[in-house]
Amino acid sequence: MTTGDDVEVIVVGAGLTGLAATAFLAQQGVRVLTVDQHPGTSVHPKARLVNVRSMELYRALGVESEVRAAGEPNRGFQVAGTLAADWEQWIAPPADESDAAGLSPTVAYSCDQQRLEPILLRRARELGATVRFDTTAVLTEPIDGQPTVTLHGKGGEETVVRARFVIAADGARSTIRTRLGIALRGEKVEGESVSAVFRADLEPALRGRQVNAIMCRDAAAFLFARGTENDRSWQLGTYLRPGWEALAPDALSDQLTEIIRAATGLPDLRPVIEDTARWTTGAYVADRFTVGPVFLIGDAIHIMPPYGGFGGNTGVQDAHNLAWKIAAVCRGDATDALLDTYESERRPIVELTVEQALLRSRKTPGQAPPPAQIDAIGIALGFHYGRDGGVPVENPVNPSGEPGTRAPHVLLADGRSTIDLLDPVRFTLIGPHTSRVLRELAEHPTDLVATAAVDASVLDSSQRKRWDGIYETNGTGGLLVRPDGVIQARIETSSDLHDALAMDQSVQGAF
Ligand SMILES: Cc1cc2nc3c(=O)[nH]c(=O)nc-3n(C[C@H](O)[C@H](O)[C@H](O)COP(=O)(O)OP(=O)(O)OC[C@H]3O[C@@H](n4cnc5c(N)ncnc54)[C@H](O)[C@@H]3O)c2cc1C
């Protein structure tokens with residue numbers, strides 16, 4: 001057994017959320033080591049919908065264009081008897097809603113998880129993170145009060161690594177969650193699902209039409225377009241039929257071939273099945289997201305049906321909420337009290353999202369949404385951390401600009417967004433260029449707060465009213481925005497700024 005170099009953060013799991021956490025931490029300058037038991041990133045495509053908030057985070061990470069190049073625009077959802085039949089109903093993608101309302105400088109996108117993860121991996125390494133595969137981590141007894149992880153390499157070698165913080169991004173079957181005695185609460189969704197990734201020429205059924213996803217009623221199955229137009233594969237998703245449980249892989253592939261033929265409406269199709277997977281799901285939230293210096297993110301703390309494409313996006317947003325807080329504590333800018341806000345802020349959003357995914361799983365595709373259903377765009381962009389009671393989401397079309405909400409997008413004359421002016425590592429005070437507090441801060445700069453002074457000529461002419469309503473405050477101050485793009489406080493005087501950094505209720509005494 002050897003003792004490894006100690007790092008500030010160890011991330012266990014290099015799946016979607018572990019890699020996102022790694023990249024966000026590295027962007028903040030944190031020394032991070034990430035390990036995964038698998039030989040590389042995911043192979044079976046699971047997540048495809050990258051919601052508009054995740055796209056904003058990838059934009060700030062500098063990989064938005066890579067994600068777009070690896071995926072394709074989201075074209076929504078069709079309902080029909082078969083792929084070959086006339087399509088009966090089109091369900092618009094959430095991207096259209098956000099685009100139409102001008103809510104973001106980017107849009108939701110379709111990018112397969114197994115294409116997205118290598119982008120995050122490359123960026124994390126470029127930013128200085130160490131990521132090791134073929135390495136299984138076990139949380140062991142703390143040494144000198146610091147969390148300790150024993151790493152088991154493929155060749156049997158063992159390394160003990162101490163860190164200031166551990167992030168468990170080890171998925172739905174999280175062994176760290178079990179070791180810490182954290183229970184999951186929720187309910188199982190009955191039944192088992194099966195999916196098959198296959199290649200086939202479906203043009204005879206498509207006849208020039210384009211589709212992202214289609215519910216094929218005659219086969220009780222979904223078909224998802226995977227990859228891109230230049231490298232197209234397909235995925236069938238359906239329920240495991242009675243009698244299939246004990247089938248050998250080849251026999252299961254034969255059954256799935258029949259379902260693919262029924263779903264496509266092409267009875268002679270000879271699909272090449274590349275991979276199959278069986279999975280069950282449920283709607284569960286962990287009792288705790290944190291135990292001392294160990295933080296859990298992603299599927300380790302929330303499991304939800306895939307309807308709505310929320311799972312991975314929620315985990316990426318957990319990672320983003322946590323990364324800057326850990327970085328602030330590692331740098332000595334904040335006390336550990338700031339870290340308590342990870343669970344208090346994320347829990348209401350996570351619980352709501354799991355509830356919403358469950359609601360969608362119970363609905364027949366194409367049916368009108370039940371009254372309790374909240375628009376996906378509201379969950380993605382309208383989250384409200386620290387809201388007192390009620391639903392922790394506001395309508396992002398009319399943003400309140402209140403502390404705890406996302407600093408809204410206002411279009412600039414050069415095509416960029418106010419969101420692009422925010423510093424992803426430091427707080428940003430953003431407001432009119434005439435603002436007294438902004439001028440004072442520019443004259444006496446601090447490491448903690450960047451400034452973004454906006455004058456009318458920088459704004460797109462259609463955006464003046466929107467800017468005034470959100471960012472103008474009383475003309476003397478501005479909005480103080482956290483490194484994760486969430487409004488910390490409305491600032492009117494220098495002493496407001498001091499108070500916001502030192503005495504914000506949710507971060508009391510943290511700075
Ligand atoms: C069919 C389907 C469709 C979906 N569609 C969407 C979608 O459109 N949009 C969306 O956002 N989400 C979607 N999801 C959900 C999404 O795939 C998951 O939420 C996401 O993969 C969770 O990421 P994670 O990193 O938390 O966990 P995982 O992806 O499970 O990664 C955990 C990682 O930890 C590693 N690990 C575990 N234990 C250890 C250990 N002890 N040591 C080292 N490594 C360890 C594992 O090897 C694994 O790589 C879908 C899911 C399914 C099944």
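I looked up strand 5 (72-73) and found two bridges joining strand 5 to strand 8 (residues 109-110), the two running antiparallel. Strands here are DSSP runs of E of at least two residues, and helices are runs of H or I of at least four, numbered from the N terminus. Pairing requires at least two DSSP bridges between two strands. Within this pair, Pro-73 is opposite Tyr-109 of strand 8.

The model is predicted, so I note that local features need pLDDT of at least 70 and side-chain atom pairs pLDDT 80 or more, while totals for chains, interfaces and linings use all residues. Numbering starts from 1 along each chain as its sequence is written, and side-chain values use heavy atoms, without hydrogens and water.

I then traced the open sheet, which has three strands in the order 4-8-5 with antiparallel pairing. Strands 4 and 5 are at the edges with a single partner strand each, so one side of each has no neighbour in the sheet.

Next I checked helix 5 (residues 113-126): at 1.5 Å a residue its 14 residues should span 20 Å, and the end C-alpha atoms are 20 Å apart, which agrees. The expected span is 1.5 Å times one less than the number of residues. I listed its buried residues (under 20% relative accessible area, 1.4 Å probe, protein chains only; exposed is over 50%, partly exposed in between); among them are Leu-116, Ile-119 and Leu-120. Gly-128 follows helix 5 with a positive phi near 110 degrees.

Last, I looked at Asp-144, in the loop between strand 10 and strand 11 (146-153). Its phi is positive, near 50 degrees, and at 67% relative accessibility Asp-144 counts as exposed.
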